[in-house]
Amino acid sequence: QMVHHDLFDYDDATPPALVDLTVKSKRVPALVEVTKQGLMFILDRRTGKPVFGVEERPVPASMIPGEYTSPTQPFPVKPPPLAKMGVTRADLSTITPAVQRYCTDLWNRLGLRDTLPYEPPRLNGPNLFSPSNIGGAGGVWGGVSIDARTGTIFVNTSNVPSYNYIVPDDGKPANHTGGGFKVGQAYVKLLDQNGMPCIQPPWGEMIAVNGNTGDIAWRRPLGSAEIYGDVGAHTGLVSMGGSLATAGGLLFIGDTSLGFGGARYDQPVLRAFDSRTGTELWSVRMSGADESAPMSFMGKNGRQYVVVAASGHPDADAALIAFALPQPGDAPVDLAPAPLPPLKLGSAPAQAATKAVMRVDDLPPGAGRDDVAKVCTGCHALATATAQPRTVGGWATTIEEMRSRGAQMDDATAHRIADYLSAHFGL
């Protein structure tokens, strides 16, 4: 069990991976799992026993009446946490003076406070989570890739905090005896005025772990926030896809181009690293982000190919793109990457544009209002859907994701919902 009494939405979002390691000269058939909270568990797959040990460490208790939290949570002894766990005011971003002012003001206005790892939600104020419980966060959806020859485990991580609110259930006051509580709005990212995390970079990293020792072999920022120019060159960016490790000592990964809310802040890039050192060896710009893991195969002609699914942006055509080393007479292919749209810094405040709507009665009038009231309250509270402003493309992507998870709507209803949310809760 990798989290006790999960109040944090820290379910395991990635597939496990298998590798045979050599630990203290002994062969260990191992299983590797990374978690949203940025921890990597390496287990002996014959017994389930942690290869490098797991400690039960004390964590804060819940202050919500009637809620009893686990007094401890499991932490692997090795490797150390791969993403930042917990967040303090001192962690606020200083990438530019304007961003520092905005994030400090946002912290003060929301009434945020320093948060420890696994700190339970509280009443009367927003609750910070870092890593965020959105998507894969600390250990992304793509999971790990492994060089089986060396026992090296590769994982891309994201560092972004989010917050939520705990509110009385069914309108009962918080001190009502027997009354319950619920999440009023969830998964709200703590972002600066340009859609980047409100904490210090790196916002995304590529990390190599020596599975034979449990030590971190190397780590480096993955991606750049081109919206910030030179100061954004080594910030890293949030990613969702996975990586591919080859027997030739290369590591391929894409998917570092999307900001939150559907805005693009970096051109989609596929990169190849030296898997031993983390040195970037090659890159190519693409028209769409690779939000899955690259794959590789040997063709009938004896040539090895690396293939990516470029489909990670609503304004780009989906495509499978294959790459190979050039041969004599090969003509280079121009992928014609789409240019970044002009975006003035600070022109799209990520969290000041709208106020989350808590009740259906408070939804602004307009076409699609009834559809939103019916569909967008089926799984989450209404405030969860309205708390995070998005671009038109961002809303369209979000709605399709909800449909893939079971939200009941036809195409016409989806279009009405997208138009309504873009008009009233857009960037």
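How much space lies in the largest cavity? About 80 Å³, going by this predicted model. For orientation, the model is predicted, so local features need pLDDT of at least 70 and side-chain atom pairs count only at pLDDT 80 or more, while totals for chains, interfaces and linings use all residues. Residues are numbered from 1 along each chain as its sequence is written, and side-chain values use heavy atoms, with hydrogens and water left out.

Rolling a probe the size of a water molecule over the atoms shows where empty space is left. Here a 1 Å grid is laid over the protein atoms alone; a cavity is a set of points where a 1.4 Å probe fits but cannot get out, a pocket is an open set with protein on both sides within 12 Å along at least five of seven lines, and lining residues have an atom within 4 Å of a point. Grid points are joined across faces, edges and corners, and a volume is the space filled by probe spheres set on the points. On those terms the structure holds 4 cavities of 30 Å³ or more. Around the largest cavity sit L112, R113, T115, E119, P120, R122, P126, N127, L128 and F129. That lining splits into 5 nonpolar, 2 polar and 3 charged residues (nonpolar being Ala, Val, Leu, Ile, Met, Phe, Trp, Tyr, Cys and Pro, charged being Asp, Glu, Lys and Arg, and polar the others, Gly among them).

The second largest pocket has a volume of about 740 Å³. Its lining takes in 25 residues, with W282, F323, A324, L325 and P326 nearest the centre. Two or more lining residues come from each of β14 (250-253), β16, β18 and β19 (strands are DSSP E runs of at least two residues, numbered from the N terminus). By residue class, this pocket's lining comes out at 19 nonpolar, 4 polar and 2 charged.

Two of those strands, β18 and β19, turn up again in an open sheet of 3 strands, ordered β17-β18-β19 with antiparallel pairing (two strands pair if DSSP finds at least two bridges between them). β17 (295-298) and β19 (319-323) stand at the edges with a single partner strand each, so one side of each has no neighbour in the sheet. From one strand to the next the twist averages 30° (axes are lines fitted to C-alpha atoms, and angles run from 0 to 180 degrees between N-to-C directions). β17 pairs with β18 (residues 304-310) over 4 bridges, in the antiparallel sense; F297, for one, has Y305 in β18 as its bridge partner.

On to the charged side chains. The count comes to 18 salt bridges (a side-chain nitrogen of Lys or Arg within 4 Å of a carboxyl oxygen of Asp or Glu). One of them joins R219 and E205 at 2.9 Å, N to O. R219 lies in β12 (residues 215-221) and E205 in β11 (residues 204-210), so this pair ties together parts 14 residues apart in sequence. R219 is partly exposed at 37% relative accessibility, whereas E205 is buried at 9% (buried means under 20% relative accessible area, exposed over 50%, partly exposed in between, with a 1.4 Å probe and protein chains only).

R220 and E280 also meet in a salt bridge, at 3.9 Å, N to O. With R220 in β12 and E280 in β16 (residues 280-285), the pair ties together parts 60 residues apart in sequence. R220 is partly exposed at 23%, and E280 is partly exposed at 34%. Elsewhere, D9, D11 and K36 are linked in a network of salt bridges.
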